[in-house]
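Dear colleague,

I am passing on the structure below, and the notes that follow go through what was found in it. Please read them alongside the sequence and the coordinates.

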Amino acid sequence: GDGSYSMVLSLSQLEKFKSVSESLMSLFDSKEYVPVLDNLRIQYIDRIRGSMELRVKSFMPQHIMSLNFINFLVTKNMFNINKFLELFNKCPNEYQVKTDTRVIVLLDATGSMS
C-alpha cells in the first residue's frame with residue numbers, strides 16, 4: 001500500500017540481457033538484483049536503440065498517412081477518404097465491382113494491435 005510494487009520475472013525473460021549466470025542467481029538470494037537488472041536493461045536498450053530508431057523512421061511515412069486519414073474521417077473529407085481507400089484497398093481487376101460498394105473502416109483505439 002505504500003506505492004511500491006514487485007515484478008515477477010522468469011529466467012527466459014532475462015535471456016535477452018545475455019547475463020543469466022551463477023552470479024545473477026546469487027543476486028536474487030541477496031535481494032540486490034534491482035540495480036543489476038536495471039543496468040542490464042539499460043545496456044540492452046543501448047544495444048538495440050539504433051535498429052529501433054531505423055525501424056521507427058521507416059514507418060513514419062505510413063504513420064503520417066494514417067494520421068491524415070483519421071483527420072479526413074473526422075472532417076468528412078470524402079475526396080481524400082476515397083483517394084486513401086482506393087490507394088490501399090485495390091481490388092484485383094478480375095474482381096472489380098461495376099456498381100457502388102460500401103466500405104467499413106475499423107479503427108483500433110485500444111492500442112492492443114500496436
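From the N terminus on, the elements of the protein chain run α-α-α-α, and the secondary structure comes to four helices and zero strands, where helices (H or I, at least four residues) and strands (E, at least two) are DSSP runs, numbered from the N terminus. This is a predicted model, in which local features need pLDDT of at least 70 and side-chain atom pairs count only at pLDDT 80 or more, while totals for chains, interfaces and linings use all residues. Residues are numbered from 1 along each chain as its sequence is written, and side-chain values use heavy atoms, with hydrogens and water left out.

**Overall figures**

Of the 114 residues of the protein chain, 11% count as buried; here buried means under 20% relative accessible area, exposed over 50%, and partly exposed in between (1.4 Å probe, protein chains only). The accessible surface of the chain comes to about 10300 Å², of which 58% belongs to carbon and sulfur atoms, with areas taken from the Shrake-Rupley method with a 1.4 Å probe and, for residues, only the protein chains shown counting as cover. Among the contacts with a separation of 6 or more, 29% are between residues 24 or more positions apart, a contact being heavy atoms within 4.5 Å.

Which residues of helix H4 are buried? In H4, which spans residues 78-88, they are Asn80, Ile81, Phe84 and Leu85, and they lie on the same side of the helix because they cover an arc of only 135 degrees around its axis, the arc being that of the directions from the helix axis to the C-beta atoms. Phe79, Lys83 and Glu86 are exposed on the face of H4 turned away from that buried side, whereas the cover over the buried residues includes helix H3 (33-74).

The largest nonpolar core consists of five residues, Phe69, Phe72, Ile81, Phe84 and Leu85, a core being a set of buried Ala, Val, Leu, Ile, Met, Phe, Trp, Tyr and Cys residues joined through side-chain atoms within 4.5 Å. H3 and H4 are the elements that give two or more residues to this core, and H4 gives the most, with three residues. Leaving aside neighbours within four places in sequence, phenylalanine 69 is in contact with Ile81, Phe84, Leu85 and Val105.

**Salt bridges and a surface patch**

How many salt bridges does a search of the whole structure find? The search finds two, a salt bridge being a side-chain nitrogen of Lys or Arg within 4 Å of a carboxyl oxygen of Asp or Glu. Arginine 41 pairs with aspartate 38, their closest N and O atoms being 2.7 Å apart, and these residues, three apart in helix H3, are separated by about one helical turn. Arginine 41 is partly exposed at 40% relative accessibility, as is aspartate 38 with 34%. The other bridge joins the side chains of arginine 49 and aspartate 46 (2.9 Å, N to O), which both lie in helix H3, three residues apart; arginine 49 is partly exposed at 39% and aspartate 46 at 44%.

Finally, Leu67, Ile70, Val74, Val105 and Leu107 make a nonpolar surface patch of about 450 Å². Patches are made of residues with over 30% relative accessible area and no salt bridge, with like charges joined within 9 Å and nonpolar side chains (Val, Leu, Ile, Met, Phe, Trp, Tyr) within 5 Å. Valine 74 is found in helix H3 and counts as exposed at 64% relative accessibility.

With best regards
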